[in-house]
Amino acid sequence: SFPLQSQLSQALNGLSDRAKEAKEFLVQLRNMVQQIQENSVEFEACLVAQCDALIDALNRRKAQLLARVNKEHEHKLKVVRDQISHCTVKLRQTTGLMEYCLEVIKENDPSGFLQISDALIRRVHLTEDQWGKGTLTPRMTTDFDLNLDNAPLLQSIHQLDFVQMKVSSPVPAPPILQLEECCTHNNSATLSWKQPPLSTVQVEGYILELDDGNGGQFREVYVGKETMCTVDGLHFNSTYSARVKAFNKSGVSPYSKTLVLQTSEDTQSEEQTLPFPVPLERSQLRRMSPFSSTLNLQPSFPGRSYFELRSSAHQLSLHSSLQSLNSAGEPIAWFSFDPASAHADIIFSNDNLTVTCNSYDDRVVLGKTGFSKGLHYWELSIDRYDNHPDPAFGVARIDVLKDAMLGKDDKAWAMYVDNNRSWFMHNNSHTNRTEGGITKGATVGVLLDLTRRTLTFSINEDQQGPVAFENLEGLFFPAVSLNRNVQVTLHTGLPVPEFYASRSAMP
């Protein structure tokens with residue numbers, strides 16, 4: 001009997017646990033009843049307040065419209081009353097003249113009549129002429145030409161619903177770094193991450209950040225949709241901190257937990273050739289110093305790289321890539337426009353180096369390359385320029401507005417230009433009007449110096465205006481906005497222009 005008693009006791013323990021859970025669940029449900037009642041009262045009060053605010057606004061508008069009607073009413077009365085007064089005076093004068101003439105006609109003294117007849121006849125004709133055409137026509141209508149257009153408001157009222165009061169979709173949850181897939185090899189680090197398993201919020205992309213290997217400021221090293229990235233060219237024997245965040249249209253998630261990575265000790269001289277395979281005609285430049293604005297992504301994990309270099313060689317070495325530097329010692333970038341992030345109205349051709357638009361409104365297109373450090377210069381040649389449009393050139397964040405002129409929001413720094421002059425624009429603020437515009441065949445240059453944190457523009461190889469923007473920091477993508485009256489072609493991999501190179505060489 002003891003085994004059976006033990007079994008029954010165990011079964012009762014399980015049942016007791018279920019009963020305890022049920023009691024706790026009932027408490028939770030009763031709390032929900034109370035919470036629903038409280039939330040209902042609060043929500044009703046909020047709804048009444050919102051509707052009352054609309055009613056108050058409508059009453060204020062009603063008072064304004066009534067004031068306009070009253071003003072029109074007073075104006076009409078004044079015009080009519082003035083005309084009544086004027087006409088009354090003239091009628092009194094005319095009637096007096098008529099009575100006087102009748103008395104003269106009755107006068108029996110012919111000599112006296114002859115003396116005044118001519119003057120009196122002229123005065124009668126003059127008075128008759130003063131009652132000419134239009135004098136006896138009302139100067140004001142009695143109608144009130146104030147038709148109230150209430151159809152749009154009525155439609156909005158009918159469409160007013162709770163769906164308009166719901167908050168927008170939430171921002172993503174913080175990504176989770178997958179420690180088992182994160183590793184270092186020599187002076188490279190591979191990072192892997194994922195969304196939380198139960199997360200249902202849509203993610204548009206990720207931003208990976210590393211510090212400088214010495215506990216310094218974090219910098220963006222990757223922006224894209226992929227969930228794995230390899231960063232090359234880090235310092236040997238250094239400790240790096242890495243973190244990642246996700247973003248969508250609603251905003252950016254909090255950061256993931258920070259991962260600390262240790263690179264290997266340097267066992268090779270920097271002068272030694274370190275070959276690695278690259279695709280024919282296009283290779284990716286591996287970093288030669290931390291945060292020199294280059295990022296290598298493994299071919300199996302495509303994303304947005306910081307730099308791409310054209311190369312006809314099957315092999316690229318550290319030694320040979322040192323030849324691909326500009327006069328300031330920075331890597332030279334080749335890149336094209338990015339169809340993936342551009343507005344749908346942008347039209348691409350010439351291997352995504354030439355763009356125009358099928359809309360009369362300005363649309364934005366970004367370059368495929370983002371920069372967070374270094375000295376970078378590119379040009380745009382004006383292939384077509386009709387009807388004096390205002391194309392804009394500059395740099396922008398990845399989430400810049402795509403359906404407005406570049407510089408309309410706070411995520412773009414631009415110069416817009418017509419056929420006579422140019423302006424700088426950021427956050428819809430226009431500054432530094434400068435004479436000198438563009439025509440078909442002109443060349444616009446954009447020089448981004450993230451060492452000095454400045455942005456400078458040129459037209460036909462001459463600097464246009466002063467330094468356009470200063471104190472720039474973060475990740476910037478080349479950007480253009482244009483409409484169907486403009487076509488431009490991008491030219492990259494260019495050395496720093498002479499006007500800036502000579503200034504940079506000054507002590």
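Colleague: Which helices each supply at least two residues of the lining of the second largest pocket?

Modeller: Rolling a probe the size of a water molecule over the atoms shows where empty space is left. A pocket is an open set of points, on a 1 Å grid over the protein atoms alone, where a 1.4 Å probe fits and protein lies on both sides within 12 Å along at least five of seven lines, and its lining residues have an atom within 4 Å of a point. In this predicted model, local features need pLDDT of at least 70 and side-chain atom pairs count only at pLDDT 80 or more, whereas totals for chains, interfaces and linings use all residues. Residues are numbered from 1 along each chain as its sequence is written, and side-chain values use heavy atoms, with hydrogens and water left out. Here helix 1 (2–106) and helix 3 (151–159) each give at least two lining residues, and the largest share, eight residues, belongs to helix 1; helices (H or I, at least four residues) and strands (E, at least two) are DSSP runs numbered from the N terminus.

Colleague: How much space lies in the second largest pocket, and which residues are closest to its centre?

Modeller: A volume is the space filled by probe spheres set on the grid points, which are joined across faces, edges and corners. For the second largest pocket this space comes to about 470 Å³, and among its 16 lining residues Leu54, Leu58, Leu153, Leu154 and Ile157 are the closest to the centre. Sorted by class, the lining holds 11 nonpolar, two polar and three charged residues, where Ala, Val, Leu, Ile, Met, Phe, Trp, Tyr, Cys and Pro count as nonpolar, Asp, Glu, Lys and Arg as charged, and the others, Gly among them, as polar.

Colleague: What is the order of the strands in the open sheet of seven strands?

Modeller: Two strands pair if DSSP finds at least two bridges between them. The order is 12-13-24-15-20-21-22, with antiparallel pairing, and strand 12 (346–349) and strand 22 (462–463) are the edge strands, each pairing on one side only. Strand 24 (residues 486–491) is joined by two bridges to strand 13 (residues 354–357), with Thr489 as the bridge partner of Thr354, and by six bridges to strand 15 (residues 375–385), with His491 as the partner of Glu379.

Colleague: How many residues lie between strand 18 and strand 19 in their hairpin?

Modeller: The hairpin has two residues between these strands, and Asn427 in the turn has a positive phi of about 55 degrees. Strand 18 (residues 421–426) and strand 19 (residues 429–435) are antiparallel, with five bridges, and Ser422 faces Thr434 across the pair.
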